[in-house]
Amino acid sequence: MTQWEYATVPLIVHATKQILDQWGEDGWELVQVVPGPDGTNLVAYLKRAKSA
């Protein structure tokens with residue numbers, strides 16, 4: 001059974017693509033983007049399979 005690890009990443013609007021590309025290169029898959037707790041910024045939720 002696959003086990004997952006998760007990360008939450010604050011997104012800067014003018015650098016969203018670069019941030020997500022960097023995490024993607026490290027093996028993370030984007031699950032969802034939601035408004036941050038302050039309501040103005042965005043937060044990305046990512047996951048990747050844990051290494052054995």
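**Close-up views of a predicted model**

The structure holds one aromatic pair. This is a predicted model, in which local features need pLDDT of at least 70 and side-chain atom pairs count only at pLDDT 80 or more, while totals for chains, interfaces and linings use all residues. Residues are numbered from 1 along each chain as its sequence is written, and side-chain values use heavy atoms, with hydrogens and water left out.

**View 1. Trp-23 and Trp-28 form the aromatic pair.** The two rings are edge-to-face, 5.5 Å centre to centre with 65° between the planes; rings of Phe, Tyr and Trp (its six-membered ring) pair if their centres lie within 6.5 Å, and planes under 30 degrees apart count as stacked, over 60 as edge-to-face and the rest as tilted. Trp-23 is partly exposed, with a relative accessible area of 27%, whereas Trp-28 counts as buried at 11% (buried means under 20% relative accessible area, exposed over 50%, partly exposed in between, with a 1.4 Å probe and protein chains only).

**View 2. Three strands form an open sheet in the order β1-β3-β2, with antiparallel pairing.** Strands are DSSP runs of E of at least two residues and helices runs of H or I of at least four, numbered from the N terminus, and two strands pair if DSSP finds at least two bridges between them. β1 and β2 (29–35) stand at the edges with a single partner strand each, so one side of each is left without a neighbour in the sheet. Eight bridges join β1 to β3, and Val-9 has Ala-44 in β3 as its bridge partner. Helix α1 (residues 16–25) packs on the sheet, touching β1, β2 and β3, and its direction makes about 160° with that of β1; axes are lines fitted to C-alpha atoms, for helices over the stretch in contact, and angles run from 0 to 180 degrees between N-to-C directions.

**View 3. The largest nonpolar core has eight residues, among them Val-9, Trp-28, Ala-44 and Leu-46.** Such a core is a set of buried Ala, Val, Leu, Ile, Met, Phe, Trp, Tyr and Cys residues joined through side-chain atoms within 4.5 Å. β1 gives the most to this core, with three residues.

**View 4. Tyr-45 lies in strand β3 (residues 42–49).** Tyr-45 is partly exposed, with a relative accessible area of 38%. Leaving aside neighbours within four places in sequence, Tyr-45 is in contact (heavy atoms within 4.5 Å) with residues including Ala-7, Glu-29 and Val-34.
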